[in-house]
Amino acid sequence: MRVLTIPVTPFMQNARFITCEVTGKSAVIDPGGDPDKLLSVIAEHSLKVDAILLTHGHLDHVGAADILRDKLNVKIIGPHKDELFWFDALPMQAQMFGFPPKETFLPDNWLEPGDTVLVGEIRLEVLFCPGHTPGHIVFYEKSAKIAFVGDVLFKGGIGRTDFPKGNSAQLQESIKHTLFSLPDETLVLSGHGENTSIGHEKRTNPFMSGQYG
């Protein structure tokens, strides 16, 4: 699996292109904005984008999803249906985050815990990690030990919970029982900022000190 990271919008959100090296099929995870920039990357690298995958419904992670869906004629897959609140609130989010006006759209398919998403021969397991938002999911590739965690966990930090429907205790439980159950060497690809690993965050994350075992 090849991973290409393209930071987008002033929020520097990490849009990720993943490509199966066997089949050449690709997907984009959390295209948060700057659709022209992302389309240029697709053309430059001759990517065969097969799907758009979303971890949660915050605008800085989904802002270009509907535009790419129309341009590429692919489906938007995920997140969990409990994110419907945030998709319905896209116009409000645009005002709240200082984005240009945005109309409501919906994914083509919601995902459930335990689902598997295939991108060529890449198998992404769907992990349910609510707290930052009520229906936040994580995509985990077991063989490569890579987790695309959206805004659940960061290097030295965790997701905000001060937005509507955020829940700090629930977020910590998601990290403790779901993410921290993954192998320590698992590479954590967050929605913003640097990469990290599960083991590093277990040892050093100040927000989760003493929260695992």
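**Phe-85 is partly exposed, with a relative accessible area of 31%.** Here, buried means under 20% relative accessible area, exposed means over 50%, and partly exposed lies in between (1.4 Å probe, protein chains only). Lys-165 lies over the face of Phe-85, at 5.0 Å from the ring centre. A charge counts as sitting over a ring if NZ of Lys or CZ of Arg is within 6 Å of the ring centre and within 35 degrees of the ring normal. Please keep in mind that this is a predicted model, in which local features need pLDDT of at least 70 and side-chain atom pairs count only at pLDDT 80 or more, while totals for chains, interfaces and linings use all residues. Residues are numbered from 1 along each chain as its sequence is written, and side-chain values use heavy atoms, with hydrogens and water left out.

Rings of Phe, Tyr and Trp (its six-membered ring) pair if their centres lie within 6.5 Å; planes under 30 degrees apart are stacked, over 60 edge-to-face, and the rest tilted. Phe-11 and Phe-97 form an edge-to-face pair because their ring centres are 5.8 Å apart and their planes stand at 80 degrees. Phe-11 sits in the loop between strand S1 (2–8) and strand S2 (13–19), and Phe-97 in helix H5 (residues 90–97), so this pair ties together parts that are 86 residues apart in sequence. Helices (H or I, at least four residues) and strands (E, at least two) are DSSP runs, numbered from the N terminus. Phe-11 is partly exposed, at 35% relative accessible area, whereas Phe-97 is buried, at 14%. Phe-85 and Trp-86 make another edge-to-face pair, with 5.0 Å from centre to centre and 80 degrees between the planes. Trp-86 itself is buried, at 0% relative accessibility. To finish the tour of the rings, look for the cluster in which ring pairs link Phe-11, Phe-97, Phe-99 and Phe-163.

**His-192 is found in the loop between strand S12 (187–190) and strand S13.** His-192 is buried, with a relative accessible area of 18%. The His-192 side chain has a polar contact of 3.2 Å with the side chain of Asp-60 and one of 3.3 Å with that of His-61. A polar contact is a pair of N or O atoms within 3.5 Å; within protein, one must be able to donate a hydrogen and the other to accept it, and residues adjacent in sequence count only if both atoms are side-chain atoms. Among the residues that His-192 touches are Phe-11, Met-12, Asp-151 and Phe-154, when residues up to four places away in sequence are not counted. Contact here means heavy atoms within 4.5 Å.

**Helix H6 (residues 168–177) has Leu-171, Ser-174 and Ile-175 as buried residues.** These residues cover an arc of only 95 degrees around the axis, which puts them on the same side of H6. The arc is that of the directions from the helix axis to the C-beta atoms. The buried residues of H6 pack against strand S10 (153–154) and strand S11 (157–158). At the N-terminal end, Asn-167 caps H6, with a side-chain oxygen 3.2 Å from the backbone nitrogen of Ala-169. Now zoom in on Ile-175, which has a relative accessible area of 0%. Leaving out residues up to four places away in sequence, Ile-175 touches Val-152, Leu-153, Ile-158, Phe-180 and Met-208.

**Gly-157 belongs to strand S11.** Gly-157 is buried, with a relative accessible area of 11%. Its contacts, not counting residues up to four places away in sequence, are Glu-201, Asn-205 and Phe-207. The C-alpha atoms of Gly-157 and Met-208 are 8.6 Å apart, although the two residues are separated by 51 residues along the chain.

**Helix H3 (residues 65–72) buries Ala-65, Asp-66, Leu-68 and Arg-69.** The four lie on the same side of H3, because they cover an arc of only 160 degrees around the axis. The packing partners of the buried residues of H3 include strand S3 (25–29), helix H1 (35–44) and strand S4 (48–53). Just after H3, look for Asn-73, which takes a positive phi of about 55 degrees.

**Six strands form an open sheet in the order S6-S7-S8-S9-S12-S13, with mixed pairing.** Strand S6 (116–119) and strand S13 (196–197) are the edge strands, each pairing on one side only. Two strands pair if DSSP finds at least two bridges between them. S6 and strand S7 (residues 122–128) run antiparallel and are joined by four bridges. Within this part of the sheet, Thr-116 stands opposite Glu-125 in S7.
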